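Subject: Two-chain model for you to look over

Hello,

Here is the structure I promised to hand over. Please open it first, then read the notes below it.

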Amino acid sequence: MKRRQFIQQSSAATALVTLGGFGFQSCEATSKTKKITILHTNDVHSHIDPFGPNDGHNANKGGVARRASLVESIRNENPNTLLLDAGDIFQGTPYFNYYGGELEFKLMSKMKYDAATIGNHDFDNGIDGLYAQLPYAKFKFLSANYNFKNTVMDTHVKPYHVFIKDNIKIGVFGIGIKLKGLVNKDMYKETEYLDPIEITQDITRILKEEEQCDLIICLSHLGYHYSKKPEKICDLELAKSTKDIDLIIGGHTHTFLPKPTVAKNNEGKNVLVNQVGCYGINLGRIDFYLDSNKNKTANGTSIIV
Amino acid sequence: MKIKTLLLCFFTLIIFNCKNKNYQLSKIEGKQIEVTDSIKTNQSFDSIIKPYRDNLTKDMNAVLSFAPQTYSKTDGELNTAIGNLMADIVYDQGNIVFNKRTNKNIDAVLLNHGGIRSIISKGNITTETAFQVMPFENSIVVVALKGKQLDSMMDYLRHAKRAHPVSGMELKLDKNYNITKALVQGKTIDKNKTYYLATNDYLYDGGDRMRFFKPNDSVYYLNYKIRNAMIDYFKKTDTIRPKIDNRFTQTK
């Protein structure tokens, strides 16, 4: 892996030789700050239309066509933006009962979602029902701890993907919730659930050391926290038990956080854990500012939430 | 050749320097943006949605009943008005089919709290309300269980500490979540008696870790969707009046 990277980079260098001094210039022009914007949703649950004016809790909130306007204006402001979803795209309005998720995927593709992880409700029409809608999805499905090898989803889901925006490498990986006891086996079939912490430790090592990512983001459908079941794996626990993750975008528990949580990882470093409720009522936005080593202040990273 | 190699090494070094000038996080800003009606609707998205929406709206807007208040599954500790409504609907509507088919009656109902997928808003109840509260395609299943298994069920409820909807039974816990009273049809559970417990196929198959339905004496698939039971109940009920009561409580 390392070796292959070296070879690729040497050939890039050869190309630069012919360009003369260009290499020097590009090296020196690094005193600027780069900004990466992460937009995210979770548990949208087929909420395509906004809530009506008479809804008891969420009147006039949400709506895909509005979210599209919002995302578009943020992308115009910063083209170095990723749009991510933490699962449970399906189930919750008759759009899903009638059309099986086709419209959800079509709209997410048009909105240029970059990646989503798979929630338990994305199996609600069975793994075959999920597979059937894949032609409408132009974004990536990421899940590192579901092994789909013996299912129709094999090769359609990757453990992680490295996005490059403004030369910043952003590693994104997905983590799903334990399906046994939550989803009928007939629905998820031979999907194998692997330990979230062990898998996260492996993937973050790959993303940090092999892929040399500048930012690492976990799309998790584990749930934020279970106060009555403290032993159950959750996002806060995942943050605490691993390292090198900058942001965990959560889902499943439909948690409305007043602001993103700043947790500590197993090295005592900060990890942001966020979740934006459900039904597309909110869009999460995290802006990462990165400086080159030279400019790095002694104070480390400031977090404004 | 030598010089070329040297040059290559030199430039490789520069490139690596560039690469290694790893960008470091200096600042993170996080916020949440509420999607409200002040944000304009993107028409190119809306025009994709429209044909799907028009087709749905026809079916969904039929008014079936009326809700005098807004009911949420978070209003209440171990039993909620909306959960009681759901369990009672399964009890009443399910029993019509079950009794006709077997001449027996349902003794109790158990659903799961997570299965209530939406609030019922104050105002008209439409077909859409039923789809919101119960979007899943699950059907009613009646299971013949011995009293001993009902004890396991009560034990499950005691550990779950959640307002799983029940009907036809009464369960009382003390402050340490120990059972102080467990009745079915107003009577203490007879370990050897057969009871008919209604639930849905998701839970019957072990959903929400409910493992006490199997093995059993017999199982009856009513082929009656929970959502259709709700729609049928709403149609014949002018105004719903669900209440929090004493069916599942804790003394504090």
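**Helices across the interface**

Helix α5 (residues 102-110) of chain A and α2(B) pack with their axes 11 Å apart, at an angle of about 175 degrees. Axes are lines fitted to C-alpha atoms, for helices over the stretch in contact, and angles run from 0 to 180 degrees between N-to-C directions. α5(A) is therefore roughly antiparallel to α2(B) (angles under 35 degrees count as roughly parallel, over 145 as roughly antiparallel, 65 to 115 as roughly perpendicular, the rest as oblique). Helices (H or I, at least four residues) and strands (E, at least two) are DSSP runs, numbered from the N terminus.

From α5(A), the contact uses L103(A), K106(A), L107(A) and K110(A). From α2(B), it uses F45(B), I48(B), I49(B) and Y52(B). Two residues are in contact if their C-beta atoms, placed from the backbone, lie within 7 Å. By class, this contact has 6 nonpolar, no polar and 2 charged residues. Ala, Val, Leu, Ile, Met, Phe, Trp, Tyr, Cys and Pro count as nonpolar, Asp, Glu, Lys and Arg as charged, and the others, Gly among them, as polar.

Before going on, the ground rules. This is a predicted model, in which local features need pLDDT of at least 70 and side-chain atom pairs count only at pLDDT 80 or more, while totals for chains, interfaces and linings use all residues. Residues are numbered from 1 along each chain as its sequence is written, and chains are lettered from A and ligands numbered from 1 in the order in which they are written.

Which residues of α5(A) are buried? They are L103(A), E104(A), F105(A), K106(A), L107(A) and M108(A). A residue is buried if 20 or more other C-beta atoms lie within 10 Å of its own, exposed if 12 or fewer, and partly exposed in between; C-beta atoms are placed from the backbone. The cover over these residues includes α3, α4 (94-99) and α6 (126-133) of chain A, together with α2 of chain B. After α5(A) comes K112(A), with a positive phi near 65 degrees.

Helix α3 (residues 64-77) of chain A also meets α2(B): their axes come within 8 Å and cross at roughly 160 degrees. That makes α3(A) roughly antiparallel to α2(B). V64(A), A65(A) and A68(A) of α3(A) meet F45(B), D46(B) and I49(B) of α2(B). The residues here divide into 5 nonpolar, no polar and 1 charged.

**The interface as a whole**

The contact takes 78 residues from chain A and 55 residues from chain B. On the chain B side, α1 (2-20), β1 (23-34), α2 (43-60) and α4 (127-133) give two or more residues each. β1(B) gives the most, with 12 residues. The chain B side divides into 24 nonpolar, 15 polar and 16 charged residues.

Strands take part too. Strand β13 (residues 282-292) of chain A and β1(B) pair in the antiparallel sense over 11 bridges (two strands pair if DSSP finds at least two bridges between them). Within that pairing, I28(B) is the bridge partner of F288(A).

**Inside chain B**

Strand β5 (residues 139-146) of chain B has an antiparallel pairing with strand β11 (residues 218-225) over 5 bridges. There, V141(B) stands opposite Y221(B). β5(B) also pairs in the antiparallel sense with strand β10 (residues 194-200), over 7 bridges. There, I140(B) has N200(B) as its bridge partner.

Four strands of chain B form an open, mixed sheet in the order β9-β8-β7-β12. β9 (187-188) and β12 (248-250) stand at the edges, each with a single partner strand, so one side of each is left without a neighbour in the sheet. Strand β8 (residues 179-184) pairs with β9(B) in the antiparallel sense over 2 bridges. L183(B) is the bridge partner of T188(B). Helix α5 (residues 147-160) of chain B packs on this sheet, touching β7 (169-173), β8 and β12. Its direction makes about 130 degrees with that of β8(B).

**Chain A in brief**

Chain A has 9 helices and 14 strands. Of its 305 residues, 47% count as buried.

Best wishes
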